[in-house]
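Notebook open, structure loaded. I wanted to look at the ligand site first, then at charge pairs.

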Amino acid sequence: MEKLSKPDLARLLSIEDENEMEWLFDQAQKLKWQKSGNKVHLRALIELSNLCTQNCLYCGIRRDSDIERFTLEKEDVLNYFKAALKYNITSLVIQSGERRDKSFVAFIEDLLCSLMSLKNEVRITLSLGEQTKETYKRWYDAGARRYLLRIETTNRHLFDVIHQGCSLYEEKVKCLYSLKEIGYQVGTGVMIGLPGQTAEDLANDLLFYKTIDADMIGMGPYIPHFGTPLGKSFINSFDTQAKTKLVNLSLKMIACCRLLLEDVNIASTTALNTLDPEGFIKGIKAGANVVMPNFTELKYKKSYQLYEGKSGLTEFTLPELEKKLALLGETINYSDFGDSTHFTKKQCL
Ligand code: SAH
């Protein structure tokens, strides 16, 4: 739907009536089916390290958080990947706290080479934050093909409030363009329900995705981490009612994103599933087409608490997901990498 304007989007995001919401989700799911089929793509998520040089006010693994830090060994990552392969999952997402030192850049490069030599038929996504263009290029040359870097919010004032200078808006945008120039499939996204964020802000976020011509979107609810500067004030207000509202708002964002961007890949995120045990499925029903089961071992997952109660702590049950998807008329795609249709189409031009 080319014609969705900012006021249209803000209006759709403000829907409260249950029936109207269902209508919106239906439209989005139908459009997804039309544009990229009724298939859900799986990505094995590996949380590589919670060491972080950034100090984002919302994040549980920020530099100042007093938590036990870990970095996986290369062997661990290779083993988690092998576990994913047993489920026929050939797409991998490697996420981590942010580091830019030489040894980290080289470690990732070496890791990518090892993963590629283990199985050349693998699609690797990185989610390792802001880096120089040279670093992005090195990692691309070593085999990475997708990169996720959330803009977090396009409301500049809010962006500055939640980053306090540790991250600059212009820098993130520059990174996104560098990634595109190198040839990555580029993903971005925002947190939904940040303090002071309006429906108009969220509409602007969606339009930003369109402006930068994103291939993949990963966005989810902002969930307070009570040990962070931004999260601590929510300790008494983050109740069931607030959570239900936030789940619905996140689903409306997914649906609006599908209607606006049509053929991109959209993740049904862990944060959504943390607030609602049916979150993954509800996201798919509202127009998402990617789920990222976590393959990191429990002992490390526990130390990767970006927010309160982060789910994925329980082992992922693929057959259960398959059954639920079948009820929606959707199946898991095991036959290819599930690249973003939006990206693939551009390559053919
Ligand atoms: N450091 C990397 C990746 C790790 S954080 C990067 O910045 O890209 C991955 C994502 O987790 C962030 O982009 C952010 O959107 C999300 N996140 C962090 N804290 C969160 C919170 N409290 N609630 C919801 N999402 C959060």
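I called a polar contact a pair of N or O atoms within 3.5 Å. The model is predicted, so to speak for local features I needed pLDDT of at least 70, and side-chain atom pairs counted only at pLDDT 80 or more, while totals for chains, interfaces and linings use all residues. Residues are numbered from 1 along each chain as its sequence is written, and side-chain values use heavy atoms, without hydrogens and water.

**Ligand site.** I found 16 residues around the ligand, with Y58, S96, R150, E152 and I223 the closest; a residue is near if one of its heavy atoms lies within 4 Å. A backbone N or O atom of I223 lies 2.7 Å from a ligand nitrogen, and one of Y58 lies 3.1 Å from a ligand nitrogen. From E152, a polar side-chain atom lies 2.6 Å from a ligand oxygen.

I sorted the shell into 9 nonpolar, 4 polar and 3 charged residues, with Tyr put under nonpolar and Gly under polar.

**Charge pairs.** I counted 22 salt bridges, each a side-chain nitrogen of Lys or Arg within 4 Å of a carboxyl oxygen of Asp or Glu. I looked up K172 and E130, which pair at 2.9 Å, N to O. K172 is in helix α7 (residues 169-182) and E130 in the loop between β4 (123-127) and α5 (133-141), 42 residues apart.

Terms used: A polar contact is a pair of N or O atoms within 3.5 Å; within protein, one must be able to donate a hydrogen and the other to accept it, and residues adjacent in sequence count only if both atoms are side-chain atoms. Helices (H or I, at least four residues) and strands (E, at least two) are DSSP runs, numbered from the N terminus.
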